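Here is a short briefing on the model you are about to see. Take a moment with the sequence and the 3D view, then read on.

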Amino acid sequence: MWWKFIVEVTNEYKILRGMISYSALWPIGCLIQQTFEGKRLKNYDWERCLRYSLYGTFVSAPMLYTWMRCANIMWPRTDFRSSLAKAFTEQAAYDPFAIVLFFYGMSILERRTQQQAGDEVRSKFWDTYKVGFFYWPMVQTVNFSLVKPKNQIVIAGFFSLIWTTFLAYVKTNQKQTPVEETM
């Protein structure tokens, strides 16, 4: 009975599909990344997982939902050419904003200063964007061309789990500044 209610509500308010999915997928991505760090159940950073859940639920999912709605309005067809246009427009227009907001927003959730948040964006943006430039157009071209619009946010969420694990890695990785060699 409760499952039927959830299905009805998410059919009525489609944004909730992504929010529910991302409330679980983003902290799972964080847990996967922490597992790669060598952490286990007894020493996972649960506060970090909560931050990822909050960010995924209330920032990432609504942004992605809005972007997908706009993309489907701009390119209503689901053929390969339109899907490719959507995917590369996303890479040029949506992804830079999403990456900046992720690093900045997560830094603020970690109670860092605006200066520290800005520094992190500057040091990690380009490397992250380059990886996303190859990953997301492939994923979204398939998503836009083969998946019904009502399920695109959920499918994007699945691939977002991989992306979130990568973002969690980049977020926790301290970028090394090259040491200048003395001659």
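A residue is called buried under 20% relative accessible area, exposed over 50%, and partly exposed in between, with a 1.4 Å probe and protein chains only. By that rule, 44% of the 183 residues of the chain are buried. This is a predicted model, in which local features need pLDDT of at least 70 and side-chain atom pairs count only at pLDDT 80 or more, while totals for chains, interfaces and linings use all residues. Residues are numbered from 1 along each chain as its sequence is written, and side-chain values use heavy atoms, with hydrogens and water left out.

**Overall fold**

- The chain has 6 helices and 0 strands, where helices (H or I, at least four residues) and strands (E, at least two) are DSSP runs numbered from the N terminus.
- Read from the N terminus, the order of elements is α-α-α-α-α-α.
- Along the principal axes, the C-alpha atoms fill a box of roughly 60 × 40 × 30 Å.
- Of the contacts (heavy atoms within 4.5 Å) between residues at least 6 apart in sequence, 72% join residues at least 24 apart.

**Transmembrane annotation**

- An unreviewed UniProt entry places the feature "transmembrane region" at residues 49-68 and 153-170; such annotations may be inferred rather than shown by experiment, and positions follow the numbering used here, with feature names shortened.
- Residues 49-68 are 100% helix and 0% strand, with end C-alpha atoms 26 Å apart.
- Residues 153-170 are also 100% helix and 0% strand, and their end C-alpha atoms lie 24 Å apart.

**Aspartate 95**

- Aspartate 95 sits in helix H4, which covers residues 80-109.
- Aspartate 95 is buried but has no salt bridge, meaning a side-chain nitrogen of Lys or Arg within 4 Å of a carboxyl oxygen of Asp or Glu.
- Lysine 86, the nearest side chain of opposite charge, is 15 Å away; Lys and Arg count as positive, Asp and Glu as negative, and His and the chain ends are not counted.
- Leaving out residues up to four places away in sequence, aspartate 95 touches Glu90, Tyr129 and Trp136.

**Asparagine 173**

- Asparagine 173 lies in the segment after helix H6 (149-172).
- Asparagine 173 counts as partly exposed because its relative accessibility is 33%.
- Asparagine 173 and lysine 124 are 49 residues apart in sequence, yet 9.5 Å apart C-alpha to C-alpha.
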